[in-house]
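Dear colleague,

Please find the structure below, followed by a written account of what was found in it.

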Amino acid sequence: MSDTLAPDVRRGAKHGKRGRRASAPKPDRVASLWTDAWYDLRRRPLFIGSAALIIVLIVMAAFPWLFTSVDPFDAATCQLGEARQGMSGVHWFGTDNLGCDVYARTVYGARNSIVVGVTTTVITALVGGLLGLVAGFKGGALDTVFSRVTEIFFAIPSILGALLILAVFRTGNVWTVMLALAVLTWPMTFRIMRASVLTVKNQDYVTAARALGASAPRLMFRHILPNAIASVIVVSMINLGSFIAAEAGLSFLGVGLRSPDISWGLMIADARERFLEAPGPLLFPAIFLSLTVLAFIMLGDAVRDALDPKLR
Amino acid sequence: MGRYIIRRLVQAIPVLLGATLLIYAIVFALPGDPVAALAGEKRLDPHIVDVLREQYHLNDPFLVQYWHYLTGLFRGDFGDTFAGVPVTDIMAGKFQVTINLAATALVMEAVIGAGLGLYAALRHGKAQDSMILGATLVLISVPTLVTGFMLQLLLGVKLKQAGIDLFPVAGVAEGLRSYLLPGFVLAGASIAYLTRLTRTSLMETLRADYIRTAVAKGLPRRRVVGRHALRNALIPLITFLGADLGTLMGGAVITEAIFNLPGIGQQLFTSVYLREQPVVVGIVTVLVLVYILANMVVDLLYAVLDPRIRYE
């Protein structure tokens, strides 16, 4: 309890100093974990930087035509005679092996990366989180069965597993990539949710709610979930970056997205043959890919630090 | 101790069964007919097809086929490919390459990660510490796909053009030297995680009472850090390294593709497209076994390193 109160008191004192609020903070103001975290986050340069980068990327994914007037899906924009040109005023990032504009393709590639990353994260958080919540709360046979099943998934290397699943569907697209990644990675969220539910469910306030006759769903969703969800959110944010990297990797290997879909991994694969003489078509998508993954991992890092005062 | 090992082995059985069943099912679902794939473009004599299908139990239902495979596995027989080559023969050479790669990565990870972490912990709060932390963030975020090509270009090609031919960029013709660059690329993110882990663990240990006692006794700093702190701080590192061996071997497929190393990743690709079920299942089974055994060895090492832990 003192943990959650302390920052509020400190904040009250700060305001007092500035003379804006000389009296004590209003009694109805609750300093929850989230308001505290938000207060803390707004002051972190790491958070502001990564959040800004992510907003730009999301805008790029939603409205790529704001960033470039070239439509990379229009074959007429590619001129074979202009293949592998360097950077210029017309082609900011140069052109690739087929004479297509690398800048336009890189911009349009953001969408698939963001969609795969965000959707896979949401699926794993929902499936793994929900199962973890129920398994941790109910315990018993249900918990044992699910825990054994997750052990099986942990033992299978995820990139190889995803490669096999994608080979089953002959056509790779965003949906199959998301499915393959989600199938193999939900146990991670399951384990984290289960572990934090196990600690939370023995807290006094849960016992109190139970004594007052709260039903199982009410206990789970009203009392346990809000206090157990923080770690799942943090891990999900960090995983988001690795899902984006995994999509690029799988597309690079030829089992993920396929042409004419645009994916940074696919662009890297296409450019690798002539990479040593014309590095541009490979380097620019690579830089965008790295920045995107970096932004999400930095965001996860910042949120974790804000949510877990013990780590400071 | 003996009873503990037996219990762990028994617990590993369902994981092994579940993982092989899962992989077997995925491979079973792969599109295409393996016997037809064997013949390529030619049409096979229907009589030969019948014999082959009978010989490889292809006419049996899924679970019967799996049972045949499993009983073979427990006799140490990974089966034959449809072309009649024992799977173990195929796997041996490929696993040699991947093991070399993973071992190189593991050594680099241990040396660089522990070294940087130690340095950062001793310079805690200073500029060098923040720099190392920043570097780990970048190392975690930049995907293998990107580091692989970047280093190939910078160290493999540009450096060679400058007259320093240190790092071969493709194949395994140069012996151990061939693995230096791919090993580092594969180890990338792991190096960063290990650096952070070493730093946190050492900083925690340095705050312990026995360290204060050692300093108060007047022992030199070298001895306090080297003998008293490092030994205890190393325990979580061993766990991480042990568990990472399986991850590195399973995650090597992208690195192998970038550097053209004929390891299990490439073999898996070929076998998936030839629909050589036994090879695919065999490779993943070996990886699952590596994962299970590595984790078990790590748990046992715990007891050796930390006398407070006793397994009954």
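B:Leu153 is buried, at a relative accessible area of 8%; buried here means under 20% relative accessible area, exposed over 50%, and partly exposed in between (1.4 Å probe, protein chains only). This leucine sits in helix H7 of chain B, where helices (H or I, at least four residues) and strands (E, at least two) are DSSP runs, numbered from the N terminus. Apart from neighbours within four places in sequence, B:Leu153 is in contact with A:Phe275, A:Leu276, A:Pro279 and B:Lys158, contact meaning heavy atoms within 4.5 Å.

This is a predicted model, in which local features need pLDDT of at least 70 and side-chain atom pairs count only at pLDDT 80 or more, while totals for chains, interfaces and linings use all residues. Residues are numbered from 1 along each chain as its sequence is written, chains are lettered from A and ligands numbered from 1 in the order in which they are written, and side-chain values use heavy atoms, with hydrogens and water left out.

The interface between the chains is as follows. Chain B contributes 40 residues to the contact and chain A contributes 39 residues. Together they bury about 3,500 Å², 83% of it on carbon and sulfur atoms; buried area is the accessible area (1.4 Å probe) that two parts lose on being put together, summed over both. Three residue pairs, both residues at pLDDT 80 or more, are in polar contact between chain B and chain A. A polar contact is a pair of N or O atoms within 3.5 Å; within protein, one must be able to donate a hydrogen and the other to accept it, and residues adjacent in sequence count only if both atoms are side-chain atoms. On the side of chain B that touches chain A, H1(B) gives the most, with eight residues. The residues on that side divide into 34 nonpolar, five polar and one charged, with Ala, Val, Leu, Ile, Met, Phe, Trp, Tyr, Cys and Pro counted as nonpolar, Asp, Glu, Lys and Arg as charged, and the others, Gly among them, as polar.

As to salt bridges, nine are found over all chains, each being a side-chain nitrogen of Lys or Arg within 4 Å of a carboxyl oxygen of Asp or Glu. One of these crosses the interface of chain B and chain A: A:Asp301 with B:Arg196 (3.3 Å, N to O). Within chain B, the side chains of B:Arg199 and B:Asp129 meet at 2.7 Å, N to O. B:Arg199 lies in helix H8 (residues 180-206) of chain B and B:Asp129 in helix H6 of chain B, so this pair ties together parts that are 70 residues apart in sequence. B:Arg199 is buried at 13% relative accessibility, and B:Asp129 is buried at 3%. Shared partners join A:Arg44, A:Asp301, A:Arg304, A:Asp305 and B:Arg196 into one network of salt bridges.

Chain A has eleven helices and zero strands, and 50% of its 312 residues count as buried.

Two points of backbone geometry remain. Most residues other than glycine have a negative phi, and most peptide bonds are trans. A cis peptide bond joins A:Ser259 and A:Pro260, with omega about 10°. B:Asn260, although not a glycine, has a positive phi of about 55°; this residue is in the loop between H11 and H12 of chain B.

Yours sincerely
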